[in-house]
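Thanks for coming, everyone. Let me put the structure up, and then I'll walk you through it.

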Amino acid sequence: MIDQEKIAQNIEIILEELGIPYKHNSNRISLACPIHESGKSNSAAIYPGGSGTWRCWSGNCHVNEGKSIFNFVKACLSKQEDRPFSNDETIEWLEKLLKI
């Protein structure tokens with residue numbers, strides 16, 4: 001499995017590839033939740049340092065999808081492709097993007 005820290009270190013590259021607008025706010029990255037398509041630009045946050053987690057305040061998507069950044073990426077890919085992405089597919093996508 002791809003290292004959670006590697007995903008966190010490259011979260012901006014990942015967000016840009018997914019076409020997800022974001023904004024830096026001190027220790028987190030704020031964004032509109034792409035899982036339930038919240039219109040609020042600060043309805044979700046990614047915490048790339050330390051725990052490497054994310055949270056959706058308006059829809060609690062992190063509860064259903066899992067709170068790791070890996071699960072966030074998997075849920076975004078599933079949403080964009082309109083089908084469930086497996087862990088293996090998500091790993092393959094990340095490895096190709098990050099060239100690891």
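A word on terms: helices (H or I, at least four residues) and strands (E, at least two) are DSSP runs, numbered from the N terminus. Please note that this is a predicted model, in which local features need pLDDT of at least 70, side-chain atom pairs count only at pLDDT 80 or more, and totals for chains, interfaces and linings use all residues. Residues are numbered from 1 along each chain as its sequence is written, and side-chain values use heavy atoms, with hydrogens and water left out.

Start with the whole chain. How many helices and strands are there? The protein chain has 5 helices and 4 strands. Their order along the sequence is α-α-β-β-β-β-α-α-α.

Now its dimensions. The C-alpha atoms fill a box of roughly 30 × 30 × 20 Å along the principal axes.

Next, burial. Buried means under 20% relative accessible area, exposed means over 50%, and partly exposed is in between (1.4 Å probe, protein chains only). Of the 100 residues, 41% count as buried.

Contacts, too. A contact means heavy atoms within 4.5 Å. Take the contacts with a separation of 6 or more: residues 24 or more positions apart account for 35% of them.

On to the strands. Two strands pair if DSSP finds at least two bridges between them. β2 (28-31) is joined to β3 by 3 bridges, and the two run antiparallel. In that pair, Ile29 stands opposite Ile46 in β3.

β3 (residues 44-47) also pairs with β4 (residues 53-56), antiparallel again, through 4 bridges. Here Ala45 stands opposite Arg55, and Tyr47 stands opposite Thr53.

Look at Ser43, in the loop between β2 and β3. Is Ser43 buried or exposed? Ser43 counts as buried, because its relative accessibility is 4%. Which residues does Ser43 touch, leaving out those up to four places away in sequence? They are Leu31, Ala32, Cys33, Ser38, Arg55, Cys56, Trp57 and Ser58.

Compare Phe70, in helix α4 (residues 69-81). Phe70 has a relative accessible area of 3%, so it is buried. How far apart are Phe70 and Ser43? They are 27 residues apart in sequence and 19 Å apart in space, C-alpha to C-alpha.

Last, backbone angles. Most residues other than glycine have a negative phi. Asn60 is not a glycine, yet its phi is positive, about 55 degrees. Where is Asn60? Asn60 sits in the loop between β4 and α3 (61-65). At 38% relative accessibility, Asn60 counts as partly exposed.

Lys99 also has a positive phi, near 55 degrees, and is a residue other than glycine. Lys99 lies in the segment after α5 (87-98). Its relative accessibility is 74%, so Lys99 counts as exposed.

That's the tour. Happy to go back to any part of it.
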